[in-house]
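Let's take a walk through this structure together, one stop at a time. Have the sequence and the 3D view open as you read.

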Amino acid sequence: MTDSDEVLLEVESGVAVVTLNAPDRRNALTPAMATELIATFDEVDGRSDVGALVITAVGKSFCAGGDIATLTSAGQDPAAPAAYEGMGTIYDSFYRLGQVRVPTVAAVRGSAVGAGMNMLLAADLRIVASNARLLCGFLKRGLHPGGGHFVILSRLIGREAAAAMALFGEEINGTRAAQLGLAWEAVDDEMVESRARELAGRVAADPDLARTAVGNFRKEVVNGAVGWDVAMQYERPAQMWSMRRSAGTP
């Protein structure tokens, strides 16, 4: 097991388990935590014995989105180099999850909001607690969505459900997420991680095949008007404007 302050990595039987470990702020993402995540995903990709990855979290929330202090500070001048780079690192953390070279499963308990939704959407598969709370939440905070949110949400649940969640603020639980196709399965809270590990263990049994198969899977099944990488850049100026406005900066 390799531990850093806010990101834990455990590898067992070919399955890498990455755990968000900042429960005091509900695992909200800071640039520092995002940097740890990126480094952890790089480490996973460098290990030939790993055939699948599970991402999970400590505490009552999977991920509460971007850290409020980080967003508030960036809102003073979103285009300032430090703020721009910090927000970019947060985007890069979940985008990097989406590029991990092995199949990925998000094991989701508690709440997932904003960038936390992006994190679970970045995985290839989701196992969620039936009572999980899933909320896009950007507009409720006075922010435009970022990180390619519209693309990665709509490619799972379609235009209508994506509009309900991302534009109109609908919150759903894990059971509803499974009905919509946002998750493969909703299970009791205490079964989330074990079920995710079970699924990951199957594909991890042959790491070389897993890497080849998931690479082609992503190329063949992902669709949308624009790609995720393009959507991230398309949304960013609007989110920066909304951050500056929320901070009351002229």
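Before the first stop, one term: a polar contact is a pair of N or O atoms within 3.5 Å, and within protein one of the two must be able to donate a hydrogen and the other to accept it. Keep in mind, too, that what you're looking at is a predicted model.

Now find Ser111, which sits in strand 7 (residues 111-113). Its side chain and that of Ser61 are joined by a polar contact of 2.8 Å, so the pair falls inside the 3.5 Å cut-off. Is Ser111 buried or exposed? Its relative accessible area is 9%, so Ser111 counts as buried. Setting aside residues up to four places away in sequence, Ser111 touches Arg26, Lys60, Ser61, Phe62, Cys63 and Arg133.

Next, head to the start of the chain. Strand 2 (residues 7-12) and strand 3 (residues 15-20) run antiparallel, with six bridges joining them. One thing to look for is Val11, whose bridge partner in strand 3 is Ala16. The two strands make a hairpin with two residues between them, and Ser13 in the turn has a positive phi of about 55°.

Strand 2 is also where you'll find Val7. With a relative accessible area of 1%, Val7 is buried. Which residues is Val7 in contact with, leaving aside neighbours within four places in sequence? They are Val18, Thr19, Asn21, Met33, Glu36, Leu37 and Thr40. Val7 also lies 9.9 Å from Val58, C-alpha to C-alpha, although 51 residues separate them in sequence.

Some of those names lead us to helix 1 (residues 31-45), where Met33, Glu36, Leu37 and Thr40 are among the buried residues. Others buried there include Ala34, Ile38, Phe41 and Val44. As for its length, helix 1 has 15 residues and should span 21 Å at 1.5 Å a residue; the C-alpha atoms at its ends are 21 Å apart, so the two values agree.

Our last stop is the largest nonpolar core, which has 70 residues. Leu134, Leu153 and Leu182 touch the most other members. Helix 5 (residues 149-167) gives the most to this core, with eight residues. Nonpolar side chains tend to be buried together in soluble globular proteins. Zoom in on Leu182 and you'll see that, not counting residues up to four places away in sequence, its contacts include Met117, Leu121, Leu134, Leu153, Leu156 and Ile157. Arg126, Met165, Ile172 and Ala177 are also touched by Leu182.

Conventions: Residues are numbered from 1 along each chain as its sequence is written. This is a predicted model: local features need pLDDT of at least 70, side-chain atom pairs count only at pLDDT 80 or more; totals for chains, interfaces and linings use all residues. Side-chain values use heavy atoms; hydrogens and water are left out. A nonpolar core is a set of buried Ala, Val, Leu, Ile, Met, Phe, Trp, Tyr and Cys residues joined through side-chain atoms within 4.5 Å. Buried means under 20% relative accessible area, exposed over 50%, partly exposed in between (1.4 Å probe, protein chains only). Helices (H or I, at least four residues) and strands (E, at least two) are DSSP runs, numbered from the N terminus. Contact means heavy atoms within 4.5 Å. Two strands pair if DSSP finds at least two bridges between them. The expected span of a helix is 1.5 Å times one less than its number of residues.
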